[in-house]
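Hello,

Here is the structure I promised to pass on to you. Please have a look at it first, and then read my notes below.

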Amino acid sequence: MNLIPHSRPLLGEEEEEAVKRVIRSGYIAQGSEVERFERKVARLSGSKAACAVCNGTTALKLSLQVLGVGKGDEVVLPDYTCTALLYAVCALQAEPRIIDISSSHLQLDAEKFQAYSSPRLKAVILPYMFGIIPGAESYRKEKVYLVEDAAQALGAEKIGRMGIALVYSFYATKMATTGEGGMVCSNDATIIERIKELREYDKKEEYSLRFNYKMTDIQAAMGVVQAGKVAGFVERRKEIQRYYDDFFLARGLAFKPGGIEEWIPYRYLIKLPPGSLDRSEKAYRAQGIEAKRPVFQLLHRYLKLPDNLYPESVKCYNSILSLPLYPALKDGEVERVVEASREIFEKKC
Ligand SMILES: Cc1ncc(COP(=O)(O)O)c(C=O)c1O
């Protein structure tokens, strides 16, 4: 029995042809394909300008850096998210302030965020985890920059409207992929210019701290094709979500976010009784299906902060499991996931 992986990219002949074209051109480093990709993603996001970089973590770090975040500044992050956010903040010697999530939509708890105040608080990163978009309006705070992290939400409509910067990742498991890659979009062209200035070290008249954060034309050529397929990818994701819903909703197992503006399903999440998650994960594995915790580890645990400060994210960490949901998933595989679920939840557990 073949394993159905938790994620798998959907790449075809168009991507292959685009990459071949760049290789044959003899110009493979950052060039016109990167510019094309930037224009395409900016258009898709309704943003005025964009800068492609080597990955999403770098896109987050550079966004904060050009906003002036540095040593001693505080940046708010939700607890239930990708560790990349923590690294982006710490790379600038800024201090992460971890805040609990709302278990109704799994995103940063807006009330707890608004209740937090500090003269050193400079920015908040709002990652749209699992493609769930809460109203960004409730995250506006005076003198605090809002960075929207849409690493898991490319293709959503209601993003990029409130934040000063909108960040993407094009890692292999994301909505569209270039293998590794990232981008910052903004309606503030000077932010993008400053990130472009920091992205490379070559041919600069004056010395200042820079690095090499560039994307190649090989990656960007793949990205241009993938970006053109995003609407179709989102449709297929929704189709699979509806199929799963038929099974899981009726059994009270589907996680459905409340109080949100939009959801493009990056993950299919099921909510299990406490204590049964590891057992269910193993049961799926025995059926040839890779199910996973959608967040590897809670940020507060990396920082050795007590669990009791983060009751909602601990609860979600212990009860939410993610099942395969991606456009490369074939109908037969979707059916296999449902059949395995029937076996696990109706016959054995
Ligand atoms: C929400 C979120 N932000 C940022 C990143 C970091 O992106 P990358 O892996 O491209 O550095 C990821 C994960 O890949 C993510 O899921």
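Which residues in H3 meet which residues in H6? Leu62, Gln65 and Val66 in H3 meet Ile191, Arg194, Ile195 and Leu198 in H6. Contact here requires that the C-beta atoms of two residues, placed from the backbone, lie within 7 Å.

Before going on, two notes on the model. It is predicted, so local features need pLDDT of at least 70 and side-chain atom pairs count only at pLDDT 80 or more, while totals for chains, interfaces and linings use all residues. Residues are numbered from 1 along each chain as its sequence is written.

Back to the helices. The contact of H3 with H6 has five nonpolar, one polar and one charged residues (Ala, Val, Leu, Ile, Met, Phe, Trp, Tyr, Cys and Pro count as nonpolar, Asp, Glu, Lys and Arg as charged, and the others, Gly among them, as polar). H3 covers residues 56-66 and H6 residues 189-199; they pack at an angle of about 115°, with axes 10 Å apart. Helices (H or I, at least four residues) and strands (E, at least two) are DSSP runs numbered from the N terminus. Axes are lines fitted to C-alpha atoms, for helices over the stretch in contact, and angles run from 0 to 180 degrees between N-to-C directions.

Next, the sheet. Seven strands form an open, mixed sheet in the order E1-E8-E7-E6-E4-E2-E3, where pairing takes at least two DSSP bridges between two strands. Its edge strands are E1 (49-53) and E3 (95-99), each pairing on one side only. E2 (residues 74-78) pairs with E3 in the parallel sense over five bridges, and Pro78 has Ile99 in E3 as its bridge partner. H3 lies across E1, E2, E4, E6, E7 and E8, at about 165° to E7. Helix H4 (residues 84-91) lies across E2, E3, E4 and E6, at about 175° to E2.

There is also a ligand. Of the 13 residues around the ligand, Gly56, Thr57, Ala84, Ala151 and Ser169 come nearest (near means a C-beta atom, placed from the backbone, within 6 Å). This shell divides into five nonpolar, seven polar and one charged residues.

Finally, the domains. Domain 1 (13-228) and domain 2 (230-348) come from the domain assignment of the protein, which is an automatic or database one. Their C-alpha centres lie 25 Å apart, and 32 residues of domain 1 are in contact with 33 residues of domain 2. On the domain 1 side, the largest share, three residues, comes from strand E5 (residues 132-134).

Best wishes
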